[in-house]
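Subject: Structure for your review

Dear colleague,

Please find the structure below, followed by an account of what was found in it.

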Amino acid sequence: MNLYRKIFKEYWNPYIAVGIAGLVSALYFGITGTVWAVTGEFTRLGAHILGWFGIDVSDWAYFQLVGFQGTPLSRTDGWIVIGMLIGALITILLSNSFKIRVPKQKRRLVQGFIGGIIAGFGARLALGCNLAAFFTGVPQFSFHSWIFMLATAIGTYFGVKVVNTKWWRGKPNIRMGAINPIAAAKTQKSNIQPKLGLLLFILYCGVIVYFFVVGKNLLAVASIAGALFGILIERGQICFTSAFRDLWISGRAVMSKAIAVGMMISVVITFFYIQNGSVALIKVAAPSTVIGGLLFGFGIVLAGGCETGMMYRAMEGQLLFWVVGAGNIIGATILAYGWDHLGIYNALTANWTKVNLIELWGPAGALIGTLTMLAVWFILSNWWEKRFRYGTGIKQQKAAKVTHQTKEA
C-alpha cells in the first residue's frame, strides 16, 4: 500500500523522472532510429483534418519533407503521441486525480488558443518542439538544438513580460463567502478511477502484444516508449515551460537542472549508438531555427504549457489544454502551408546547412563539448537560482540597497 501511495499519490523527483526519460529516449533511438517527437505528428493530424474537407496536401513541400504516409495508427510517431496520452491518463486514473477543470477566467481559453497557435507555428518552423529540437536534438549532436534552446529561453522571457501585464491577466475572479465545510466533508472520492485505470492498462498491454504477434515490432516499441514517456511526464510533472518561465518569475531552477541531467544521460547513450552505426538526425541551423525558437518560447508561456506539459494536463481533465492542443495543431498546419506557398522556406531556411558537432569537433570533442555545455547550463541555472531567489538574490540585493539608502536618508 505504501508503494502504491509512493508511486501514484506522490509526484516523482524531477531528476529521477527526467533522467529515466533521457534513458528511454536514447534507447528508443537506438532501437528504432527515430526520436521522441510529437509536433510533426500534430502537423500530419492537421493534414488529415484538411483531408476530411477535401483539401489535398500531398504536394505541399513540408509534408514531402516530414513524410505523410499512413495514419496515426500506422506510424511510430502516431503511437508515441497516443502512448503519451494514454500513459499519462493511466497514472492519473490510478492516482484517482482526474477531474474536469474549466478556467474561471474564460479569457484564458482564448489566450491559450492563441499561445498554442504561436507555439505550434514556431515549433514546426524550427523543425521540432522542445522534444525533437531540444531534448532529443542535443543528444543527436545537432547544433541547431543549441540555437533553438537559447532562442526558446529568450522567447519565454518576453512571454513572461506579456502574461504579467494587467491587460493580459484581466480582473481577478473573486468569489465571496467561505467554503462550506459540511459540503466539503461529504465529498468522498469513489474508487472507480483506479479501476478504469487498471482496465485501460490491461487493454493497452493487449494492443502492444497484438503488434508483436502480427510482426509490427516498431509500432509495439513506439507504443511502449510512448506510454513510458506519458507516465514520466505526468508523474514527474515535466514541463519545459516551467523550466524556463520559473527562472524569470521566481528563480526556481529545479526543472531546468533536471532537464540538463536527463540530457546528459541521453547524450552518453545516444553517442554509443551513433558510434555503432546509428544515423544521427541532424536539422538545418538557419534563421528559421532562431525565429521558430523565439516564437515557440513566447507561445508556450502564453499557452501555459509546452507539448509535454500540455499533454499530461489535458489528460488530468484541464479543458484549457485541449484548447491549447487544438491551437498547436492549427499553428503547425499554417506553417506547413506557408513553407512553400508563402515562401517561408526560401526566406528563412534555404541555403543554410546542417551542422553535425561530431563531424565538426570529432567524436571525442563532440561528446566532451556537449557534456561540458550541459554542465555549464546546470551550473548557471544553479547560480541563477541562488542569486535570484535565495540569500542575497538579485532582486533582494536591489531591495536591500534601496532600504538601506532610505534608512540613511
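By class, the residues lining the largest pocket comprise 14 nonpolar, 13 polar and 6 charged. In this classification Ala, Val, Leu, Ile, Met, Phe, Trp, Tyr, Cys and Pro count as nonpolar, Asp, Glu, Lys and Arg as charged, and the others, Gly among them, as polar.

This is a predicted model, in which local features need pLDDT of at least 70, side-chain atom pairs count only at pLDDT 80 or more, and totals for chains, interfaces and linings use all residues. Residues are numbered from 1 along each chain as its sequence is written, and side-chain values use heavy atoms, with hydrogens and water left out.

The largest pocket holds about 690 Å³ of space. Its lining has 33 residues, of which Arg44, Leu65, Val66, Arg124 and Lys283 are the closest to the centre. Helix H3 (39-52), helix H4 (61-66) and helix H5 (76-94) are the elements that give two or more residues to this lining. A pocket here is an open set of points on a 1 Å grid over the protein atoms alone, where a 1.4 Å probe fits, with protein on both sides within 12 Å along at least five of seven lines; lining residues have an atom within 4 Å of a point. Grid points are joined across faces, edges and corners, and a volume is the space filled by probe spheres set on the points.

The second largest pocket holds about 420 Å³. Leu150, Ala153, Trp377, Leu380 and Ser381 are the closest to its centre among 17 lining residues. Helix H8 (143-163), helix H13 (240-249) and helix H20 (363-388) each supply at least two residues of that lining, and H20 gives the largest share, 7 residues. The lining divides into 15 nonpolar, 2 polar and no charged residues.

The protein has 21 helices and 0 strands; helices (H or I, at least four residues) and strands (E, at least two) are DSSP runs, numbered from the N terminus. Its C-alpha trace spans about 70 × 55 × 45 Å along the principal axes.

H3 also packs against another helix. The axes of H3 and helix H17 (residues 319-341) come within 8 Å and cross at roughly 80 degrees (axes are lines fitted to C-alpha atoms, for helices over the stretch in contact, and angles run from 0 to 180 degrees between N-to-C directions).

Yours sincerely
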